[in-house]
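Biologist: Please show me the protein, and then let us go through some questions on it.

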Amino acid sequence: MSVRMSSKQLRENAQLVLKDKKYAHHLQNVLSLIQDYDSNDVQPCILTLEMIFGELLRRREVGKVCTSPEKSASFDTNYGFWLRQRYERTFTRLLIVLKKHSTASQLQALSTMMKLLALEGRYPLEDTPKGEFYFPVQRLQFIILALLSSEQNMTDPLIRFQEFTSYYDVLYFVWKMLPNIALSQKKPNEIFIKNFLLLIDKIPLPTEEELKANSEMILCSPTVDGPGFVLNMHYLRKWLNRTWGCVMHWDHTPTTHHQLLYVLLEKVLPYLDHPLLLTDFLMDSLDSGGAVGVLALQGIFTLIQKHNLEYPNLFVKLYSMFEPEIFHTKYKARLFYLSDMFLSSTHLPENLVAAFAKRLARLTLVAPPQDILVILMFIGNLVLRHPGLKRLINHPTGGEVNGDPYIMDERDPLNSCAMESSLWEIQSLQNHILPSIATAARFINSPLPSVEWDLTKILEQTPDDIFVRELKKKAKEIALTFDKPTSMEVPGGERLTHYWNF
């Protein structure tokens, strides 16, 4: 068990090591402290090692790799060999801390390794060809493999690592090694897949505008006028496509399936060479329903909009997604937005649109208040686009019915008999306990506006927003007395005085 040192003692040891070579044994003492995984001195020790080797790298005192130094070598040469061994051991132990320690220690170890990597890139430990940009790729690969752990969730370190991927040389070499890492994984477990997808999410490809604006964002930039680094977007796209081709064929759990779709839509899809090959995968995902189905719907919409995908049964799939469970998913706002886009065409059959309007109206009976407001505007927009749907509000021939002919359980919207029904659900909402909902439901009693409602303004509305808005409303003040009271006596003229004497 190593003896603990205070932060002051560690700084003093670091200063002695940097001051004179005869105090080199203090470096070994500091290095031995991080062997004890339960030690509270791990973070101060890491900072001390960062201080020592940061300065030694700048001085170029760390020597080359040598397994058996020659006896005839000078003291400075042997000292350089010894420092190189301690430097390699430091990196190994920092990797262990990154894999197995607490979050705070993990983040400190990652930060220290990346700073040392940057210094090693500027002051190479080995002879490098002249005219070539140098980057310690092997060091970065060890860090990436530690971050892609199959035993521990590495969310916090990966989020911190995103700061370093803003440097284009780091981003370039990370993408360069990802295809080989993905190919080496035959049956990765759920933890590894989560870490891998999160890493992809945190290393987006830059746009041409970003490249021009931040061309000097290089971690291992040379200290003198040496060869610079130029990011090649062609290679990045090629490596991304290779990596994604492997990730798609892994065995995914429902959790990783959801994460896979999110990363695909938000980060990867714009850079794929053949996005239409995702059609079958997205169609299968659409059948899953819930959050996965909503994300798959967004992918299909992108393929239809930008890549001319044709899918005739899409509206049947979309219709089946409107179930009460959708109100409890994270991406319900995205579903309403995409559905509004899909149903924006005025050339759709009226009985198809009527089925959506009727199904949405039925869902208002069980929907949360904030979603009822969205649905009411949605239905109003559908009626504006298709004036024939006004018969759902006021039937041309009038009359009464004994029951609702609409078939809620029918999966095909064209066979749901929605055009024979009415929007009685909206009429009933005019008696809702919340005044805002009762007022919004009265749109069917007056002429419709000429411009559609903008759903984007209320899609992210929460119950707290409705509550705060209701609190801000001012109620009408009702006069309870005509005469201003001047005492505890009953004001004159009150009928109460005819029956009691006070």
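Predicted model: local features only at pLDDT ≥ 70, side-chain atom pairs only at ≥ 80, totals over all residues.

Biologist: Which residue in the lining of the largest cavity is charged?

Modeller: The lining divides into 8 nonpolar, no polar and 1 charged residues. Among the lining residues are Trp175, Ile200, Leu240, Tyr271 and Lys267. Lys counts as charged, whereas Trp, Ile, Leu and Tyr count as nonpolar. The charged residue of the lining is therefore Lys267.

Biologist: Are helices H12 and H13 oblique or roughly parallel to each other?

Modeller: The axes of H12 (residues 254-268) and H13 (residues 279-286) come within 12 Å and cross at roughly 130 degrees. Roughly parallel would need an angle under 35 degrees, and roughly antiparallel one over 145. The two helices are therefore oblique.

Biologist: Which residues of H13 make the contact with H12?

Modeller: H12 contributes His257, Leu260, Leu261 and Leu264. By class, the contact has 5 nonpolar, 2 polar and no charged residues. On the H13 side the residues are Phe281, Leu282 and Ser285.

Biologist: How is H18 oriented relative to H21?

Modeller: The axes of H18 (residues 369-385) and H21 (residues 463-472) come within 8 Å and cross at roughly 90 degrees. Angles of 65 to 115 degrees count as roughly perpendicular. H18 is therefore, relative to H21, roughly perpendicular.

Definitions and conventions:
Residues numbered from 1 in each chain as written. Heavy atoms only, no water. 1 Å grid on protein atoms, 1.4 Å probe; cavity = no way out; pocket = protein on both sides within 12 Å on 5 of 7 lines; lining within 4 Å. Axes fitted to C-alpha atoms, helices over the stretch in contact; angles between N-to-C directions. Helix = DSSP H or I, 4+ residues; strand = E, 2+ residues; numbered from the N terminus. Contact = heavy atoms within 4.5 Å.
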